[in-house]
Amino acid sequence: MKQTIPIQPASDDDTMVSLYAAAKKIYPRSVEGVFAYWRWLAVFFTQIIFYGLPWLEWGARQAVLFDLEARRFYILGLVLYPQDFIYLTGLLVIAALSLFLFTAVAGRLWCGYACPQTVYSEIFLWIERKIEGDRSARMRLDDSKISISKLSKKTFKHVAWILISLWTGFTFVGYFTPIHELINSAVGFQFGSWQLFWVLFYAFATYGNAGFMREQVCKYMCPYARFQSAMFDHDTLIVTYDSERGEPRGPRSKKTDLATSNLGACVDCSLCVQVCPTGIDIRNGLQYECIGCGACADVCDMVMNKLGYAKGLVRYTTQNAMINKWTSKQTLIRVARPRVLIYASILLAIVIALGTSLAMRIPFKVDVIRDRAALARITENGSIENIYRLQIMNASEVEKTYQLSVKGMNGLELVTDKEVKVAAAQAHWIVSRIEIPYGSSEPGSHKITFDIKDASGKDVVHEKSVFIVPR
Ligand code: SF4
Ligand code: SF4
């Protein structure tokens with residue numbers, strides 16, 4: 001029997017429910033400890049490289065320069081052309097595999113210690129603390145009415161943030177335009193429009209992401225946070241709260257004897273929440289917002305120390321270690337599991353392949369293009385002639401002389417220059433005319449090969465083409 005489901009008309013007192021919730025500002029408390037030390041080490045290491053590399057000289061040029069206009073990429077002793085794109089692909093594959101490997105071993109190591117979002121948030125937060133004070137002082141300042149002191153602190157902070165952001169944007173562009181030229185342009189306010197755009201764009205992104213967005217980038221914008229769980233397993237090291245040891249949580253006096261009281265080790269001080277840059281409570285278990293920075297582990301160790309309890313209530317451990325109560329040694333042995341070994345072997349194989357390929361790379365390239373505008377023709381001396389355009393790219397730092405020859409047909413002869421000089425790191429176009437005696441070959445298309453030899457005779461490039469014999 002057919003049933004009719006009556007549709008109820010909306011009642012007048014139905015209210016609109018907004019699903020929007022404004023983000024609550026997080027005031028992370030400063031923390032000291034072993035993981036904070038490693039995080040700051042990563043900040044110094046990454047930033048010394050980022051800010052310092054464009055100033056490093058290699059001979060007469062910038063050591064690392066991606067000259068998009070000239071289509072040359074200089075990386076220390078290497079001169080790469082767009083044709084060397086395979087190396088960039090290899091580097092990206094290595095970066096992705098390294099990320100998989102580190103994530104499988106120790107969770108979000110990249111997020112917690114080396115990601116630019118973490119690094120710049122850490123730097124901006126340090127400036128904020130120096131000017132406005134630690135967590136409670138900053139909260140009080142934000143709640144206070146407008147005053148000269150508040151205004152000057154905020155202005156000072158934003159000026160410092162903007163200066164760092166501009167320097168970061170400037171440095172970023174310095175990887176694509178020689179940084180000494182760039183600084184001269186900056187001094188004379190003579191930036192090109194694209195240079196100015198990218199300096200300001202990158203500065204704006206740094207200022208916005210590290211000054212305001214902070215943990216929201218990790219929570220809502222970063223795709224890595226979404227798929228990282230696919231690389232986790234029960235033997236991945238993650239920051240974990242030992243609930244068996246910590247519960248029941250609760251405040252107590254320093255004299256309370258843990259053995260006789262009905263309390264766990266957690267004193268419910270909430271310091272682990274206060275130091276968390278994403279504002280979560282690690283005691284609620286593994287959450288996707290956790291970037292694995294270890295700040296909660298550091299602060300909890302401090303609390304445990306003060307109370308005379310054993311450290312490690314919040315610590316890096318694995319789910320299996322927690323369930324099976326493994327020692328640190330037993331836990332670390334599980335690091336070398338099949339998934340990790342597979343990632344590590346593939347990574348090693350690609351690193352070796354890329355390194356070997358770079359070491360054996362011939363330091364020049366040749367492109368041969370048959371000149372389609374000038375068809376095959378019969379010359380005044382009765383030979384058949386085809387014309388080609390050759391681009392010879394010198395990928396070394398010295399001027400080179402190259403010897404050209406051609407083979408593949410009876411009587412084939414290169415009648416134009418057989419030697420070409422190409423300046424260091426330059427590409428040179430030449431027109432080559434090739435002839436065969438009339439009647440020496442059948443009409444049609446014939447395969448031929450250009451041999452281009454470095455004058456030292458060590459490196460040779462073979463480029464295939466065709467020779468057309470008209471009917
Ligand atoms: S810092 Fe440690 S003791 Fe304090 S609330 Fe967090 S887990 Fe408990
Ligand atoms: S829960 Fe701990 S490890 Fe995770 S983000 Fe917060 S402070 Fe860092």
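The following questions and answers concern a predicted model.

Visitor: Which residues are the closest to ligand 2?
Guide: The shell around ligand 2 has ten nonpolar, three polar and no charged residues. In total, 13 residues surround this ligand, and the closest are C276, C290, C293, G294 and C296.

Visitor: How many charged residues does the shell around ligand 1 have?
Guide: Ligand 1 is surrounded by residues including Y241, C266, C269, C272, C300, M304 and V314. D268 and R283 also belong to these surroundings, and Asp and Arg count as charged. By class, the shell divides into eight nonpolar residues, one polar and, as charged residues, two.

Visitor: Which element supplies the largest share of the largest nonpolar core?
Guide: This core has 44 residues, and those with the most contacts inside it are I282, M304, L313 and V314. At least two residues each come from α1, α2 (85-106), α3 (109-114), β6 (238-241), α12 (271-274), α13 (295-307) and α16 (338-359). The largest share is eight residues, and the element that supplies it is α13.

Visitor: Which residues does V314 touch, not counting residues up to four places away in sequence?
Guide: V314 is one of the residues with the most contacts inside the largest nonpolar core, and V314 is also among the residues that surround ligand 1. With sequence neighbours up to four places away left out, V314 touches V239, T240, Y241, I282, C296, A297, C300 and D301.

Visitor: How many residues are in the other core that lies apart from the largest one?
Guide: The largest nonpolar core has 44 residues. Apart from it lies another core, with F364, V366, I430 and I436 among its members, and its residue count is 24.

Visitor: Is G33 buried, partly exposed or exposed?
Guide: G33 is placed in the segment before α1 (34-52). Its C-alpha atom is separated by 7.3 Å from that of V299, 266 residues apart along the chain. Buried means under 20% relative accessible area and exposed means over 50%. The relative accessibility of G33 is 31%, so G33 counts as partly exposed.

Visitor: What is the bridge partner of F66 in β4?
Guide: β3 pairs with strand β4 (residues 72-75) over four bridges, in the antiparallel sense. In β4, the partner of F66 is F73.

Visitor: Which are the edge strands of the open sheet of four strands?
Guide: The strand order is β13-β11-β15-β16, with antiparallel pairing. Each edge strand pairs on one side only, and these strands are β13 (419-422) and β16 (460-469).

Visitor: Which residue in β14 stands opposite E413?
Guide: β14 (residues 427-437) pairs with strand β10 (residues 383-394) over eleven antiparallel bridges, and M393 has A427 as its partner in β14. Two bridges also join β14 to strand β12 (residues 413-414), and the two run antiparallel. The residue of β14 that stands opposite E413 is E435.

Notes
Residues are numbered from 1 along each chain as its sequence is written. Chains are lettered from A and ligands numbered from 1 in the order in which they are written. This is a predicted model: local features need pLDDT of at least 70, side-chain atom pairs count only at pLDDT 80 or more; totals for chains, interfaces and linings use all residues. Side-chain values use heavy atoms; hydrogens and water are left out. A residue is near a molecule or strand if one of its heavy atoms lies within 4 Å of it. Two strands pair if DSSP finds at least two bridges between them. Buried means under 20% relative accessible area, exposed over 50%, partly exposed in between (1.4 Å probe, protein chains only). A nonpolar core is a set of buried Ala, Val, Leu, Ile, Met, Phe, Trp, Tyr and Cys residues joined through side-chain atoms within 4.5 Å. Contact means heavy atoms within 4.5 Å.
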